[in-house]
Amino acid sequence: MMFTHSYKKAIGNDLFLIRPKTIYTFLSVQMDLASLMKQLNRQLDSFPGLISKDAVFIDYLTIRENMLVILSLTPDHPKRALDLVVTEVLEELQISDSLADQHFNVLPLNLFLKLQLRLASLCNKKVILVDDWLDHESASAKQDWLLLFRGFVRNTDCSIIFFTSDEQLLSVENPLRLDPGSYLSKKIS
């Protein structure tokens, strides 16, 4: 599915647009993460990608095996090229073959998060939700992540929503304010 249009949401009299190549912030006190994901699912007709420190992968599979499973479940992904795609991503992120054949819990956190971002992109997720782990990073680490995310959205058609309680982060990007009681679902192309 190409992201060639914006999605509009009715919030009282206001409209909210999720545009491609845009980073948004969402104040976490407005709604919990699970509810926000459900609302985005209604709006997008699919769940958003999620980048989380607590991401759930199949714990008894290796990094490579998890990647193969995730990509094989993606609609419209050529199944015969999965090994090649996995190899390219591992090389791009400089994950050695020996590391790729271990479990996810051995990955350094920054690599774990970057791999989730790459997988969300490969799974054709047009909106990616970043949970509140960024709130706990140092100021310089936040800047590094923001630069990475900005480069990512510039080079893809994806939008990113930071789910945060950090008021300072809210001022960095486009704030998304929702009234969950009046949030209506309607997709407009």
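This is a predicted model: local features need pLDDT of at least 70, side-chain atom pairs count only at pLDDT 80 or more; totals for chains, interfaces and linings use all residues.
Q: Which hand does the crossing of α2 and α3 have?
A: The crossing of α2 and α3 is right-handed.

Q: And which residues make that contact?
A: From α2, the contact involves Ile 63, Arg 64, Met 67, Leu 68, Leu 71 and Ser 72. From α3, the partners are Leu 82, Asp 83, Val 85, Val 86, Thr 87, Val 89 and Leu 90. By class, the contact of α2 with α3 comprises nine nonpolar, two polar and two charged residues.

Q: What about α2 and α5, at what angle do those axes cross?
A: The axes of α2 (residues 63-72) and α5 (residues 109-122) cross at roughly 25 degrees and come within 10 Å. Because angles under 35 degrees count as roughly parallel, α2 and α5 are roughly parallel to each other. The crossing of α2 and α5 is right-handed.

Q: Which residues are involved there?
A: On the α2 side, they are Ile 63, Met 67, Ile 70 and Leu 71, and on the α5 side Leu 115, Leu 119 and Leu 122. The contact of α2 with α5 has seven nonpolar residues, with no polar and no charged ones.

Q: Stepping back, how many helices and strands does the chain have?
A: The protein chain has seven helices and eight strands. It has 189 residues, of which 47% count as buried. Among contacts between residues at least 6 apart in sequence, 72% join residues at least 24 apart.

Q: Which residues touch the most other members of the largest nonpolar core?
A: They are Ile 95, Leu 107, Leu 115, Phe 149, Ile 160 and Phe 162, in a core of 39 residues. At least two core residues come from each of α2, α3 (82-92), α4 (97-100), α5, β5, α6 (139-155) and β6 (159-164). The largest share, eight residues, comes from α5.

Q: Which other core lies apart from it?
A: Another core, of twelve residues, lies apart from the largest one and includes Ile 18, Leu 36, Met 37 and Ile 161.

Q: What does Phe 149 contact, beyond its sequence neighbours?
A: Leaving aside neighbours within four places in sequence, Phe 149 is in contact with Ile 23, Ile 51, Leu 117, Val 130, Trp 133, Ile 160 and Phe 162.

Q: Where is Val 130, and is it buried or exposed?
A: Val 130 lies in strand β5 (residues 127-130). Val 130 counts as buried because its relative accessibility is 0%. Val 130 and Phe 163 are 33 residues apart in sequence, with their C-alpha atoms 5.8 Å apart in space.

Q: New topic: what is phi for Lys 21 and for Gln 94?
A: Phi of Lys 21 is near 60 degrees, a positive value in a residue other than glycine. For Gln 94, also a residue other than glycine, phi is positive and near 55 degrees.

Q: Where do Lys 21 and Gln 94 sit?
A: Lys 21 is in the loop between β2 (14-18) and β3 (23-27), and counts as partly exposed because its relative accessibility is 43%. Gln 94 is in the loop between α3 and α4, and its relative accessibility of 71% makes it count as exposed.

Key: Residues are numbered from 1 along each chain as its sequence is written. Side-chain values use heavy atoms; hydrogens and water are left out. Helices (H or I, at least four residues) and strands (E, at least two) are DSSP runs, numbered from the N terminus. Buried means under 20% relative accessible area, exposed over 50%, partly exposed in between (1.4 Å probe, protein chains only). Axes are lines fitted to C-alpha atoms, for helices over the stretch in contact, and angles run from 0 to 180 degrees between N-to-C directions. Angles under 35 degrees count as roughly parallel, over 145 as roughly antiparallel, 65 to 115 as roughly perpendicular and the rest as oblique. A crossing is left-handed if the near helix is turned anticlockwise from the far one by less than a right angle, and right-handed if clockwise. Contact means heavy atoms within 4.5 Å. Ala, Val, Leu, Ile, Met, Phe, Trp, Tyr, Cys and Pro count as nonpolar, Asp, Glu, Lys and Arg as charged, and the others, Gly among them, as polar. A nonpolar core is a set of buried Ala, Val, Leu, Ile, Met, Phe, Trp, Tyr and Cys residues joined through side-chain atoms within 4.5 Å.
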